[in-house]
Amino acid sequence: MATLLLVAFHAVVVRPLLFGLLGWAIYHRERLPRVGPAIIIANHNSHLDTPALFAMFPISLLPILRPVAASDYFLTNRIRAWVARRLFGIIPLSRSLNSRERDPLAGCSAALRAGAILIIFPEGTRGEPGRLGRFKSGVGHLAERHPDVPVIPVFLTMLGRVLPKRALVPVPLLCAAHVGLERKWTGDRGSFMTGLEGAMAGLAGEVGALE
Amino acid sequence: MIPATLTAGLATALAGILGLLLVASATLGTVIASHRMLGVPRWTATPPAVAELALRIRSWWIMAGAFAASLVLGRAASLLFLAVVSFLVLREYQTLVPVRAADRPCLFLVYCAVPLQYFLIGFGHGEAGPLALMIVLAAVSGVLALDGPPEGFLRSASTMMWGVLVAVVALGHLALLLAPARTGIGAVGGPALLLYLVFVVQLGDVAQYLAGKSFGCRRPVPLVSPNKTGAGFVGGLAATISASAALAPLLTPFGHGEAVLVGLALGALGCLGDLTVSALKRDLGVKDTGRLLPGHGGALDRVDSLVFAAPFFYYYLTAVH
């Protein structure tokens, strides 16, 4: 029942709006995973990023998509928490430091073992459009624990101008996702993270999206 | 039941377009079939030029079908179709142009020009061009002046207003043709004139593309559009003149000599619009304005030749007829 609501929301509400108003286009769709487990990483400038990433996948994969979202933002407000859990199936992640006693990535690991496709914004928060922030190391820890899981970088364009941080009303502009080649754990967290940042900057450079 | 808007001339012209598209598809089918016979096994192995042509023709079927349906369905449907075209062009333009973060509220105001313009035209206010433009000019300038930093004011304001001029005011002249009281050409009918204008100009565009691809080596505008050739320009003019001569008796009040002259003017102005959008794309560093129409590029790529031709045609009609 819960899955039905999520699927209906994306199929009936999100997709028509994205494709109709924002001309949602996916470049190199063939590079996307067709089965889980996998990790999608993307640049983050807008609340529309997650629904847009969902719209890259066929409807049959919607139930295994699991965006990783900050619990201090998404679970502190009842409406926001309902939307995040029921309509997007988020895995909450604690950003605070005193959560040391428990493994903060346990939820993500369990989901990957269950065959989910995780959606992670490694910049950690919505940044200014046209600037790529430094990546947090969480995705590196996950890749180290699950070295066979592919990590696929996706660069999103224009969504940050359609609905930036603090804006309430979206402006229709043409948005697109540019899917990069999958990457696997390199055996060393430093080189792995540098590789991911480089891959994302490379995608952005191809599109000419960075200032 | 035959709709009242479907006059004999209009029906004949639409049948002619259907025939042209059938010929295009049949020719393409023959080319692909002959490739197969020469031992090229699969569709994927057809040369890229043929594959692109196939996409272009398929897009033409969809565009011509939607346009013809809107003409047959009556004035409200035609206005809606043209308003959607203006919106699509404006969205491509606003996606491509550089704007500051502070300009975001104005992107919104610019879109408001579309319903404003088309409602004014729809309710019979022929002066809608200047009125809608003045309202948007005041709103955009006012918001930019009061809300944004002054650095870059002129660039942002003029960037946005150029988009409104091209996508809404200039292309809005297509819709003005549907207000017969204004043009004094009610006897012939707005839909017929609209079809004549769009057909002549678009055929010129296609002919220029085909003639330019087939022959010609002189490149008169290498900086703006290196693929344009002198032969393409001449071929385009020949096509607009012949199309105008053939269609004028069906769809317009023009005599023979006049049809040739109007065809010539539409061909030249169509080319000018094409070159203007080429210059815009070169400035912005893109090949196409979008990817709405597979094989063609964006909506602006398709209607660029109407940007100056439509106002010319409207004012020519109101002044002379």
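Start by selecting chain B and colouring it by secondary structure: from the N terminus on, the elements run α-α-α-α-α-α-α-α-α-α-α-α. That makes 12 helices and 0 strands. Keep in mind as you click around that this is a predicted model.

How does the radius of gyration of chain B sit with that of a compact globule? A compact globule of 321 residues would come out near 20 Å, and chain B has 21 Å, so the two agree.

Next, colour chain B by burial. Of its 321 residues, 40% count as buried. If you draw the contacts as well, take those with a separation of 6 or more: 70% of them in chain B join residues 24 or more positions apart.

Time to bring chain A into view and look at where the chains touch. The contact takes 9 residues from chain A and 10 residues from chain B. On the chain B side, select 75-96, which is helix H3, and then 104-122, which is helix H4; each supplies at least two residues of the side that touches chain A. Which element of chain B gives the most to that side? It's H3(B), with 4 residues.

Last stop: stay on the side of chain B that touches chain A and colour by residue type. You'll find 4 charged, 4 polar and 2 nonpolar residues there.

Definitions and conventions: Residues numbered from 1 in each chain as written. Chains lettered and ligands numbered in written order. Predicted model: local features only at pLDDT ≥ 70, side-chain atom pairs only at ≥ 80, totals over all residues. Contact = placed C-beta atoms within 7 Å. Nonpolar A, V, L, I, M, F, W, Y, C, P; charged D, E, K, R; others polar. Rg over C-alpha atoms; globule rule 2.2 N^0.38 Å. Buried ≥ 20, exposed ≤ 12 C-beta atoms within 10 Å, placed from the backbone.
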